[in-house]
Amino acid sequence: MRDTRAALLLQAETLVRRRGYAGFSYADLAETVGIRKASIHHHFATKSDLAHALVAAYDARYDAALAEIRADEPDAIRRIAAYGTLYLGGVEAGLGCLCAALAIEGEALPDSLRADIARFFDKHIAWLEGVLAEGIAAGSVRGSVAPGATARMVIAALEGALLMERLLAGPAGFRGTLTALCDGLR
């Protein structure tokens, strides 16, 4: 049996990551999933409801990935490299980060959606800040690194590399940026 809601979320995420929030309509989504546009409203009354569900699902996947990285990688630099590898999948698929794609549209988004996106990034900044602080304490990260500012820089570098390397050097260029980023923290 087909899970229409899951199919809608999957295809809507791809559309947002390729085109942005304003770059697709329920008609586009209905065509992609192969249902009537009215059927989408049964699952998501508004486009904003759909976007909230997309961010919640994306956030949950990242929560699981961050927990796995923390469990699997004892070293801070390797944790950051593993975190960066999460972005690599976007480069390989030609997709941007969902929350960055949404954030680009800033003021055009409903306040509640902007708050969801901000929480997503705040959580990642806090996670990276903790990883960096632990790395400084363990000696794997340079002592002169400011964890808060550097956590923001890590996200900015990875988001920028994701955007840029989708058009330029692809996965190899992204890997080079990630290696330089990690080397700069040692």
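Among contacts in the protein chain between residues at least 6 apart in sequence, what percentage join residues at least 24 apart? With contact defined as heavy atoms within 4.5 Å, the share is 69%. The model is a predicted one, in which local features need pLDDT of at least 70 and side-chain atom pairs count only at pLDDT 80 or more, whereas totals for chains, interfaces and linings use all residues. Residues are numbered from 1 along each chain as its sequence is written, and side-chain values use heavy atoms, with hydrogens and water left out.

The protein chain contains nine helices and zero strands, where helices are DSSP runs of H or I with at least four residues and strands are runs of E with at least two, numbered from the N terminus. The radius of gyration, taken over C-alpha atoms, is compared with a globule rule of 2.2 Å times the number of residues to the power 0.38; for 186 residues a compact globule would have a value near 16 Å, and the 18 Å of the protein chain agrees with this. Along the principal axes, the C-alpha atoms fill a box of roughly 55 × 35 × 30 Å. Of the 186 residues, 44% count as buried, that is, under 20% relative accessible area with a 1.4 Å probe and protein chains only.

Glu165 lies in helix α8, which comprises residues 147-165. Residues up to four places away in sequence being left aside, Glu165 touches Val91, Gly170, Gly173, Phe174 and Thr177.

Technical notes: Buried means under 20% relative accessible area, exposed over 50%, partly exposed in between (1.4 Å probe, protein chains only).
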